[in-house]
Amino acid sequence: MNAKIILLPGDGIGPEIVKQAHRVLKQVAEKFGHHFDYESCPIGGCAIDEFGDPLPPQTLEACRNADAILLGAVGGPKWDDPTAKTRPEKGLLAIRKELGLFANLRPINPHPDLLDASPLKRDRLEGTDILFVRELTGGIYFGESGRKPHESGEEAYNMMTYNTGEVERVIRLAAKAAQGRRGKLTSVDKANVLEVSRLWRQTAERIIQEEFPDLEYEVVLVDAMAMHLISRPADFDVVVTGNMFGDILTDEASMLPGSLGLLASASLGTDGPGLYEPIHGSAPDIAGQGIANPLATILSTAMLLRHSLKLEEEAIAIENAVDAVIKAGHRTKDIAAGGDFVSTTEMSDLVLAQLG
Ligand code: IPM
Ligand code: MG
């Protein structure tokens, strides 16, 4: 197979981890006889520095013409000034919107050998295997916003909206994912308070009744979900929710496996390229030290191969290699619990050796 893959290293540890994931992709291509072309483009803070724009038009154009995109991370203290004209995060939101990447898949499956790295007790975690599907191009993230004068100073507002079509497509995608897993779907909303959530709930219920009657389906309020995720995480299979609830709940869920450094994600649209990225941020505090965990980005390449290139066997080969390296006891600093640890490059070398 021939494929064009765009690399968006971004800021902080982004370039270090994308470099390692790129090595893994190259080795997979060689091993399985594929030809992948790569192009690296700026996004985020480094793109602001170079072009004054966190998503320069040439980066967006290259992404539109690609088969898949691998992103590191964006942002850092250098670009954090609240009065700045633009921000690195704007580049990330813009690429999601421009490419129509409405569904963000975030699998949470704590590795059995790392359960003690989690702040949660082992008996709560055992059996946990959740796929979060977060709506990614709507809701309060993209509603009208602004400021107006107020007698006390100013008033700021962000509008939360969802329309029927936006809810239908993400519910369908999540329901199909549940059919391919354990057949259970949980939709999370705040329908006791928000009109937007009442439309979400009605629409979701209709789609499930009409098109997916075989699924075990439940609705949970977002505040209760925050609690259930900690008290009984193993009860959930696929969890679908809106943009902001999904942002918050997936960070909470990321603590189940103990480290953000292990979690991959895929952002998908109807057609066109998917965007794959670790769910951790740019970690500016450890950038350049060679200690970042490359596994979340390496696992993101497995999702890339699976979802955008339909190369299931290759995806599994990467996942198995990562699994074997963890089983063999190798740890980067974030999951070493104070013990011995390997560097970013050493960890990647181990995965490559395992891939063969
Ligand atoms: C995420 C991040 C982003 C978001 C930020 C960096 C804009 O937190 O991907 O979860 O809020 O969506
Ligand atoms: Mg987030």
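Me: E195 first: buried or exposed?
Reply: E195 counts as exposed, at 54% relative accessibility. Exposed means over 50% relative accessible area, buried means under 20%, and partly exposed is in between, with a 1.4 Å probe and protein chains only.

Me: What sort of model is this?
Reply: This is a predicted model, in which local features need pLDDT of at least 70 and side-chain atom pairs count only at pLDDT 80 or more, while totals for chains, interfaces and linings use all residues. Residues are numbered from 1 along each chain as its sequence is written, chains are lettered from A and ligands numbered from 1 in the order in which they are written, and side-chain values use heavy atoms, with hydrogens and water left out.

Me: Back to E195. Which helix does it lie in?
Reply: E195 is in helix α7, residues 195-211. Helices are DSSP runs of H or I with at least four residues, strands are runs of E with at least two, and both are numbered from the N terminus.

Me: And what separates the C-alpha atoms of E195 and T297?
Reply: 37 Å, for two residues 102 apart along the chain.

Me: How about A317 and A302, C-alpha to C-alpha?
Reply: Those two are 8.3 Å apart in space and 15 residues apart in sequence. A317 belongs to helix α11 and counts as buried at 18% relative accessibility.

Me: Changing topic. Which residues surround ligand 1?
Reply: E89, R96, R106, R134, Y141 and D247. A residue counts as near the ligand if one of its heavy atoms lies within 4 Å of it.

Me: Now β12. How many of its residues are buried?
Reply: Five of the five, so the strand is largely enclosed by the rest of the structure. G274, Y276 and P278 point one way and L275 and E277 the other way.

Me: Which strand runs antiparallel to β12?
Reply: β11, residues 264-268, which is joined to β12 by four bridges. In that pairing S265 stands opposite E277. Two strands pair if DSSP finds at least two bridges between them. The β11-β12 hairpin has five residues between the strands, and G272 takes a positive phi near 85° there.

Me: And in the parallel sense? Which strand pairs with β12?
Reply: β3, residues 68-73, over three bridges. I69 stands opposite L275.

Me: What about β8, how many residues are buried?
Reply: Six of the six residues, 184-189, so β8 is also largely enclosed by the rest of the structure. β8 pairs in the parallel sense with β9, residues 216-221, over six bridges, and K184 stands opposite E216.

Me: Where is N293?
Reply: N293 sits in the loop between β12 (274-278) and α10 (295-307). N293 counts as buried, at 5% relative accessibility. Its side chain makes polar contacts of 3.2 Å with the side chain of T332 and 3.0 Å with that of D334. A polar contact is a pair of N or O atoms within 3.5 Å; within protein, one must be able to donate a hydrogen and the other to accept it, and residues adjacent in sequence count only if both atoms are side-chain atoms.

Me: Last one, phi. Which residue has a positive value of about 55° although it is not a glycine?
Reply: K310, in the loop between α10 and α11 (312-327). Most residues other than glycine have a negative phi. A337 has a positive phi too, near 50°, and lies in the loop between α11 and α12 (344-355). K310 is exposed at 64% relative accessibility, and A337 is exposed with a relative accessible area of 78%.
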